[in-house]
Amino acid sequence: MRTVYVNGQYLPEQEASVSVFDRGFLFADGVYEVTSVLGGKLIDFAGHARRLQRSLGELEMRSPVEEDELLEIHRELVRLNEIEDGLVYLQVTRGAPADRDFAYPPEDTEPTIVLFTQSKPGLAESPAAKTGIKVVTIPDARWARRDIKTVQLLYASMGKMMAKKAGVDDAWMVEEGQITEGTSNNAYIVKDGKIITRELSTDILHGITRAAVLRMAQEAQMQVEERGFTPEEAKEADEAFVTSASTFVMPVVEIDGTPLGDGTPGPIAKRLREIYLEESRKVAI
Ligand code: PDD
């Protein structure tokens, strides 16, 4: 049985609860983070903690805990649930006022904080990383502040279902003719050795894995260009991949039915995955 964390308490999952008036439940008025665990250690915790503070700040939401306490909670859950490889999910909402009201509740309303673990043995050795994944493009119908990691994930879920119905693994979203990102990851193509990914703005989530991978690519003397690209350009690319805390660097081998290169994971995606996993494990805490 899983032990979860809710508002200061470690509880068996069946005993944990939040109010029906919680603003996360009623208004999707909450933010989240997903941090991976490899070998019992947290990957890039500092990056996720920093982005959490940014998301909270953008929404004028109070932080329920300091960073050192947050780290302790993550570590304690990993320990209690004996997580070797997996994920820690964290959610903070604007709390549970006495009634439903669109206006934000009084400043002194306690935020709700929930964390739980997901055990995923062999997370870094995922078979999908060897074959690569297939994607379809879909319109990006999300709200305009995708840089804030809110729990408003309905369109991402719909996108995954569109991909599933199309017989593929995921969807890349398109706005004004250019790819924004994947439903739960950042999107990249590679052409003539150059790694191309959309620049940071309010249009996409500022991926923690993205930041690390781009830094490592530059350290390995690879060329990086941060700019938008079209689905047509993507279909003519030599290779493609996505990054996220749950998939690390995942090769993409097909877009809208068009195979990329020879239809197998490309050398740059494979190399970046190796570098990312190796470097991240070294500094995991
Ligand atoms: N998703 N873009 C979107 C829309 C995302 O939801 C995510 C992460 C990313 C990648 O960010 P990072 O590298 O910090 O994980 C990009 C997480 C994993 C999720 O929702 O499960």
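Start by selecting arginine 94 and aspartate 29: their side chains meet in a salt bridge, with N and O 2.7 Å apart. A salt bridge here is a side-chain nitrogen of Lys or Arg within 4 Å of a carboxyl oxygen of Asp or Glu. The two partners are 65 residues apart, with arginine 94 in the loop between strands S5 (86–93) and S6 (112–119), and aspartate 29 in the loop between helix H1 (23–27) and strand S3 (30–38). Helices (H or I, at least four residues) and strands (E, at least two) are DSSP runs, numbered from the N terminus. Both arginine 94 and aspartate 29 are buried; buried means under 20% relative accessible area, exposed over 50%, and partly exposed in between (1.4 Å probe, protein chains only).

A word on what you are viewing: this is a predicted model, in which local features need pLDDT of at least 70, side-chain atom pairs count only at pLDDT 80 or more, and totals for chains, interfaces and linings use all residues. Residues are numbered from 1 along each chain as its sequence is written, and side-chain values use heavy atoms, with hydrogens and water left out.

**Next stop: helix H3**

Select glutamate 76 and arginine 79, whose side chains form a salt bridge at 2.8 Å, N to O. They are separated by about one helical turn because they lie 3 residues apart in helix H3 (residues 67–80). Glutamate 76 is partly exposed at 25% relative accessibility, while arginine 79 is exposed at 54%.

**Then helix H8**

Which residue forms a salt bridge with arginine 281? Glutamate 125 does, with the closest N and O atoms 3.7 Å apart. Arginine 281 lies in helix H8 (residues 267–283) and glutamate 125 in the loop between S6 and helix H4 (127–131), so the pair ties together parts 156 residues apart in sequence.

For a network of salt bridges, select Asp140, Arg142, Arg146, Glu175 and Glu181. The whole structure holds 27 salt bridges.

**Last stop: the ligand**

Now show the ligand and the 20 residues that surround it, the closest being Tyr32, Glu181, Ile208, Thr209 and Ala245; a residue counts as near if one of its heavy atoms lies within 4 Å. Zoom in on threonine 209, where a side-chain N or O atom is 2.6 Å from an oxygen atom of the ligand. Lysine 149 also has a side-chain N or O atom 3.3 Å from a nitrogen atom of the ligand. At serine 184, look instead for a backbone N or O atom, 3.3 Å from a ligand nitrogen.

Methods
Polar contact = N/O pair within 3.5 Å; in protein donor to acceptor, adjacent residues only side chain to side chain.
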